[in-house]
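Thank you all for coming. I would like to walk through one model this morning, so please have a look at the structure before I start.

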Amino acid sequence: MNAVPQAVLQQRQDVLDSLGRHWNPTAALMLAAASRPVEQSASGTEVISEEGDRFLDLAGSYGVFLVGHGNPQVRDAVLDTLCTAPTVPPGAVHPATAELFELLTTILPAGLDRFVLGCSGAEISETALRAVHLARPDRRRILIAEGGYHGKTLGALTVLGQPNHREPFEPLGSELITVPYGDAAAVREALADRSVAAVFLEPVLGGAHLTVPPEGYIEEVAAACRATGTLFVADEIQTCLGRTGKMFAVEHDDVVPDILLFSKALTGGFIPVGVCALSSEVVAQAERHPLWHPSLLAGSSSISALSVSAATAAIREVIAKNLPHRAATLGPRLTEGLAEVARRHPKHLLGAPGVGVMAGLRTRNPSVELLISMVMARHGIHTGHSLNEQIDHPVLRFYPPLTITAEEIDRVLAALEATMTWLDRRPRRLTDGITKLIRRQYQLPPWLVLKLSHSKMRVDW
Amino acid sequence: MSSRDPGAVVRRHSIGTIDPHAPVVTGMVGARMETADGSHWFDASTGGFGAGHPNVTAAIAEQAGRVALSSRILLSRPLAEAVNALDAFCPDPLTVSYLCNSGGEALDSALKLAKGTHPDRSRVLGIAGENFGTLTHGQGLSTGATPVPVLPLMPVTVASARPESLLEQVDATLAAVVVAPAAPGRPLDRLSPQWWRALRDRCTQHDVLLILDERLTAPARLGWDLATQALGIVPDALILGEALGADAVPVGVMVTSRAAYDRVYAGKNPSLHGSTFGANPLSAAAVCAVLAAVAADGLADRQRRAEDSARRLLGDIASFGTVTEFCADGGLVWLRLATAEQARALTAALAEARILVRPPLGPDGDVVAILPPLTADPADLEQIHGIVRAVAEEVLTVREVAA
C-alpha cells in the first residue's frame, strides 16, 4: 500500500480531532487506530474515499443498503419531495404517506394493516412495547431471546437481550424472561402461565450473535403465542424486504405475527424511517386500556415526507428488481463460500451462519474477528465488525448490498481465503492474548492503542 | 401516486383521529402551502425551520448526491463539520453532541445519560401536559402515566398551573429534570431568571441532570439563537430537534459537557449508545446548513419582529371574553381559550380560513399555538396574525353573543 501524503494525513487528523472533541471520543480513537480515510461518496456496492480509493462495502450498515448505495430511483424520489413538500405538518396529510401505506398493504402479511412510522428501529420497538402493554394490561412480563436486539433508547433497553449494553444502566425495572434463541420448548414453558404480554423475537437473530434458527422454530413460537394469548412481535428491522430470500423472514415459516417491525433496508440508504405494523385486532385491544390515548401510538415527530418517499421508492425497487429472489439465488454463493472457508480454516473459525445475503463468520474469539476485518480492509473490502469484544465467539457479518455481483462475491471470498491463510500461520495463543488486550482496549492509554495499531494519527482530545 | 383519496388512505391505516378535512399538502415554501385541491394555506403548525430555503435545500441535495446514510466505515467530514458548528452554537461547557434521528430520541439520550450517571435513581421530573416527544419516557412525562408497568425512569410531574413548584421537587432521588424554557401555555417570563438560577443550583446540589428541552424554542424561535441565553443558566444537557434538519431530514441532537458525557461513557465501548442511522452525513449536512442560515438570515431577529407583529395585531385579543391569555415570545405565539371546546372551534375556523394550526395543546386542550416556520416571510407572518385576529373576532365574538 502506498504511503499516505502528509497533507492527506493532516486532513484526516483535523476530522478526527473534531470527532474526538465534539462527538464521541472513544469512537474517534477507534477510527484513529484503524487509520481510515475520509468518505467522499458511495455508489452501488462501493464506498469511495476523498483520495479516490474504492472499497467494497460488505458491512452495509447491517442491512441498510439492500438497494445499494446512492440508488438513483430512491435519490430521485427524495430530491423530488425535497423540492416540493418535504414536511408533513401536524394536522395535514401528505400524499407520500398515503402512497407508502397503500404499498405496505401489498407486501405485508395479511392482517397487518395499521401503521405507525418512526425514524429508527428503537423508536418503533418502543411503539410496540407500549402497544403490547396496552393490549395486555394484566400481563407485566416480556419474553426475549438471549442476544436479541431491539434498539438502545432507554425504553428499548428494557427488552434488550445483550447484557453488556444493559448493565451500566441497571436496574431497568422491566420484568423480562430471557430464553436461548432457537429453543421453542423454552418459549412454550415460559408462556404456559399466561403472564407474558408479548414475545419480542428476530426471525433471524442478528448482531454479533447471527443465528439462523432451526426450521419451524418461528412457527412453533407463533403457535405458543396463539395458544396462550401472548402477542408475537416479529422484529424484522434487519431482515426485511428480501435480505433473507423472502420479503419478510417470517414468511419462511408462513407466520403472521401480531406486530411486525421493519426498518434499515426500508430507508433505501437515504432517510431514516421504520414501520411498526399492527393488526387491527391489537389496536382495538389497546384502545380498551384505561390509559388509552391515540398519542400513545403516535408516530415520530421527526418523520418527514422525505422519509416516506424514500421508503416507497425503496419498496418499489425491491419489487421491480425482485430482490428477495435475487437474495435467494445469489445468497448461496456467499453463504456456501463462507461455509467453505470456515471448513478450511477451523483453527480460527467455528462456522458460517447465513441465509440469503445475511451471512457471517462465527469466530474463535474477538481478536480473530478484529484481525480478519483489518486484513480484509487492506484488501479494499469492509466487513461488518460487531464491536462486541465481550462475547466469546462474535460473528463477523457480511451484509452486502444486492447490487453486488457474483464476481464481487468471488473477489470477497478470494480475499478472505488469503486472509485466513495468513491468519492460520498465527498461533491460537496469539489471538487469545490479543483478545485479552482488546477486552481492555477502552481503558488503555490512547497512545498505546495507536502504537499497537501502527497508526500515524494523534489523539489529543 | 395513490389513485384514492390520500386522506382516506392515511385515516384507514393510521391510529388515532385524523381530521377528514385535513389538507393534503403538495407544495411548501416558507409558511406557504399548496394543497391537492388547489387551495393555498398558511402553515402555522410545523413550528420548524421551513421548506424551500435555497441554501439549505441545495446543501441537502448536494450531500444526497454523494452520501446520505453511511456504513460509517470511513471518516465523516460532514459529521465533523456539524459537531464543530454545534460546539460554536452552544454555550460552554456544552461541547459534545450526540446526533440521532429525532428530537424525541435526543431527549431520550439525555435521560439515558442521567440513568447511567445514577443507575440507582429511578425518577425523572417534568411539567405535566407539556410535550416531551413520542418515545415512552417522554410520553410518560407528558401524561404523568404510562402503560408500561415499570420504566427505567418513572415520570414525576408537577401541575402545569404551578410550574414554579418544580423547584421544590428537586432532590437526590431524581436522576433528571426536563424542562423547556417556554412552551405553548407557559410564557417565557412565567419562570423568572432567579427561579432558573435556583433550579440550576438545586440540580447541582443534588447532582441531578438538568435537561433543557429546546426542541421547540431553538434555534431562534424565541428571538435568541438559544433560549438558554435568556435564562442566564447553562444546563447539563441541551436538546435540539427537527428544525435542525429543516423539517426534512430527521435529526435530533443532545449537546452536553465532556464531564457529564465521560461520567457514563468514558472508557466504554462506543457502541454502548448509538443508532444505525444517527450522525449520518445527510443529517449532518442539514444541521450545518440550517445553523449557517440561522446566522446569515438573522432568524432570531426575524422572530423578534414576528413577536412585534403578533403583539400589534393580536395584543388585545385577550379582551375578547373567551381568550383568557395571549402570549408572544418571539415566534412562539399562542392563545388560551376559556374552554377546550372554544379552542377546537377556533382551530376549525382557522382551517376554514386556510390557516393550519396544531390540534389544541396543553393538559386541558385549551391552547391554540400559532407556529409558522422560522423562515416564514415577514409579510406572510403579518397576514397570518391578521387572519387569526379576524377569525378569532368572528368566531369567538359570535359564540359569546350566542351564549
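I will take the chain contact, a helix pair, a sheet and one proline in turn.

Before that, a word on conventions: residues are numbered from 1 along each chain as its sequence is written, and chains are lettered from A and ligands numbered from 1 in the order in which they are written. This is a predicted model, in which local features need pLDDT of at least 70 and side-chain atom pairs count only at pLDDT 80 or more, while totals for chains, interfaces and linings use all residues.

The contact between the chains takes 104 residues from chain A and 100 residues from chain B, where contact means that the C-beta atoms of two residues, placed from the backbone, lie within 7 Å. On the side of chain A that touches chain B, H5(A) gives the most, with eight residues; helices here are DSSP runs of H or I with at least four residues, strands are runs of E with at least two, and both are numbered from the N terminus. That side of chain A divides into 53 nonpolar, 34 polar and 17 charged residues, counting Ala, Val, Leu, Ile, Met, Phe, Trp, Tyr, Cys and Pro as nonpolar, Asp, Glu, Lys and Arg as charged, and the others, Gly among them, as polar.

Staying with helix H5 of chain A, residues 121–135, we find that it packs with helix H9 of chain A, residues 280–287, at an angle of about 65°, with the axes 7 Å apart. Axes are lines fitted to C-alpha atoms, for helices over the stretch in contact, and angles run from 0 to 180 degrees between N-to-C directions. A:Ala131, A:Leu134 and A:Ala135 of H5(A) make the contact with A:Val282, A:Gln285 and A:Ala286 of H9(A), and by class these are five nonpolar, one polar and no charged residues.

Turning to chain B, three strands form an open antiparallel sheet in the order E11-E12-E14, pairing being defined by at least two DSSP bridges between two strands. Its edge strands are E11 (323–329) and E14 (367–370) of chain B, each of which pairs on one side only.

Lastly, A:Pro366 lies in helix H12 of chain A, residues 366–378. Is this residue buried or exposed? A:Pro366 is buried, with 26 other C-beta atoms within 10 Å, the cut-offs being 20 or more for buried, 12 or fewer for exposed, and partly exposed in between, with C-beta atoms placed from the backbone.
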